[in-house]
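User: I would like to learn how to read the local features of a model. Please take me through them one at a time.

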Protein chains: 2
Amino acid sequence: MKQKQKPRILVCNDDGIDGEGLHVLAASMKKIGNVTVVAPSEPRSGMGHAMTLGIPLRVKRYTRNSRFFGYTVSGTPVDCIKVALNHILSEKPDIIVSGINYGSNTATNTLYSGTVGAALEGVIQRIPSIAFSLTTYENADFTYAGKFARKLVRKVLRQGLPADTVLSVNIPNIPEQEIQGVKVTAQGKSRWAENTIERDDMYGNPYYWLSGKLQLLDDDLSYDEYAVRENYIAVTPISIDMTNHDALQDIRCWKLNK
Amino acid sequence: MKQKQKPRILVCNDDGIDGEGLHVLAASMKKIGNVTVVAPSEPRSGMGHAMTLGIPLRVKRYTRNSRFFGYTVSGTPVDCIKVALNHILSEKPDIIVSGINYGSNTATNTLYSGTVGAALEGVIQRIPSIAFSLTTYENADFTYAGKFARKLVRKVLRQGLPADTVLSVNIPNIPEQEIQGVKVTAQGKSRWAENTIERDDMYGNPYYWLSGKLQLLDDDLSYDEYAVRENYIAVTPISIDMTNHDALQDIRCWKLNK
């Protein structure tokens with residue numbers, strides 16, 4: 001009997017090759033598949049679906065504790081996926097996992113997220129892809145997130161994903177026994193209250209930092225941000241088709257040809 | 001009788017402050033409103049919805065032919081919108097226009113486009129926003145695109161836009177009389193056939209350029225890329241909600257709580 005081949009799993013993130021969540025995710029995936037890690041050489045949070053044009057990319061082998069761990073790309077998470085598929089991997093992966101991100105990727109964060117960006121690029125290249133985020137910026141414990149990622153990846157490897165769709169998974173930073181369950185959610189309406197900070201440099205010239213705080217505007221468990229605040233894991237199907245299909249007919253009535 | 005105030009129009013792009021399409025768009029908008037230009041200090045194509053974290057932003061006044069033209073921001077198109085709304089404009093604009101981009105933003109290009117990114121950021125901030133692109137990389141003639149932009153902006157100022165929705169407008173680079181009309185379209189399925197290029201530097205070390213060619217996978221005029229190739233202007237409603245709503249029920253049947 002021919003032995004069943006282990007799935008090929010490509011692991012990426014946006015926090016960069018040293019991101020703790022990347023190492024937890026890679027270790028978790030190694031229990032079920034043949035893993036290749038390709039990650040940005042530097043932290044590239046907030047890069048959304050950016051790709052690098054006009055500057056060439058460098059690829060390096062990355063060693064940690066004297067052992068080969070993976071490859072770095074001197075670009076964005078999307079660049080990592082493109083370079084991995086075109087130059088690093090000899091065969092198409094069975095699945096791409098991105099993360100585990102440090103900080104939530106709910107609501108409008110979905111658009112800014114490099115973690116989600118990498119997964120969307122995977123789906124554009126027709127490979128099932130999942131983005132994982134831990135909803136905290138402090139005292140992160142990725143243990144349960146890594147375990148849940150493995151469970152979900154096994155399921156997706158068995159049954160696939162809806163066409164043109166990424167799963168964006170947000171996991172609360174709480175002990176496993178406090179997790180209330182899993183909710184399949186929509187991208188929430190919550191958004192950043194902007195609070196850009198102005199400072200003066202040593203010459204008295206101003207510079208600006210982007211800042212802000214995510215305001216909860218969702219009101220039930222059918223939305224990702226509300227669900228994670230209520231200690232649920234939120235699993236959100238995100239499409240590469242950004243068309244507002246409901247609006248097509250309305251706008252056709254505008255008579256733009258007149 | 002109180003004089004009706006002219007609309008406040010914020011103009012941005014992703015090709016940077018020197019982009020020819022930005023100057024055509026600004027000139028066109030000045031005929032109908034009070035215009036403020038805030039654009040990246042350098043070309044930032046392919047930046048998608050990226051924002052700048054970890055590096056402060058600089059804002060400069062930009063003069064061309066000895067006349068003040070607008071402001072530059074040392075960041076992405078999304079950064080431009082955030083800084084404009086928080087630090088440059090004293091009042092919220094009535095509309096944001098982005099472009100006119102050099103090159104088409106149809107199909108999956110929507111996700112990579114900084115031009116669309118700026119407009120999406122406007123809609124996140126609850127300001128009606130439109131992205132304009134001329135579908136060529138050579139011999140660009142922005143004349144008719146600027147004229148059509150003004151016509152569409154007038155219409156949107158009158159009647160608004162569907163909630164959470166940008167219009168992404170792609171205009172063929174042909175004389176006005178050859179334009180077949182306007183189609184309200186969905187984001188097409190066309191995508192880049194990747195063709196990343198490997199080169200060696202002077203030390204024999206490889207580097208990589210992202211490259212490729214957009215393959216036509218759309219088959220009728222209800223899709224943006226097909227419509228522009230048939231010499232129509234394509235107007236596509238793009239949502240900041242990326243949820244695949246049709247997939248929610250299916251995934252709920254996966255019993256992820258088991």
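**Reading the features**

Analyst: Start with Asp164(A), which is found in the loop between α5 and β7 (165-171) of chain A. Helices (H or I, at least four residues) and strands (E, at least two) are DSSP runs, numbered from the N terminus. This is a predicted model, where local features need pLDDT of at least 70, side-chain atom pairs count only at pLDDT 80 or more, and totals for chains, interfaces and linings use all residues. Residues are numbered from 1 along each chain as its sequence is written, chains are lettered from A in the order in which they are written, and side-chain values use heavy atoms, without hydrogens and water.

User: What is the phi of Asp164(A) near?

Analyst: Most residues other than glycine have a negative phi, and most peptide bonds are trans. Asp164(A) has a positive phi, near 60 degrees. Ser66(A) also has a positive phi, near 65 degrees. Ser66(A) is in the loop between β3 (59-64) and β4 (67-73) of chain A.

User: Does Ser66(A) count as buried or exposed?

Analyst: Buried means under 20% relative accessible area, exposed over 50%, partly exposed in between (1.4 Å probe, protein chains only). Ser66(A) has 74% relative accessibility, so it counts as exposed. Asp164(A), at 29%, counts as partly exposed.

User: Which peptide bonds are cis?

Analyst: One joins Gly99(A) and Ile100(A), with omega about -10 degrees. Ile100(A) is in strand β5 (residues 95-102) of chain A. Another runs from Gly99(B) to Ile100(B), with omega near -5 degrees.

User: How many aromatic pairs does a search of the whole structure find?

Analyst: A pair of aromatic rings is described by the distance of the centres and the angle of the planes. Rings of Phe, Tyr and Trp (its six-membered ring) pair if their centres lie within 6.5 Å; planes under 30 degrees apart count as stacked, over 60 as edge-to-face and the rest as tilted. The search finds 12 pairs over all chains. The rings of Tyr144(A) and Phe148(A) have centres 6.4 Å apart and planes at 45 degrees, so this pair is tilted. Both residues lie in helix α5 (residues 143-159) of chain A, 4 residues apart, about one turn of the helix. Phe148(A) is buried, at 2% relative accessible area.

User: How many salt bridges are found across the interface of chain A and chain B?

Analyst: A salt bridge is a side-chain nitrogen of Lys or Arg within 4 Å of a carboxyl oxygen of Asp or Glu. The rule finds 4 across this interface. Asp164(A) returns here: its side chain meets that of Lys189(B) in a salt bridge (3.7 Å, N to O).
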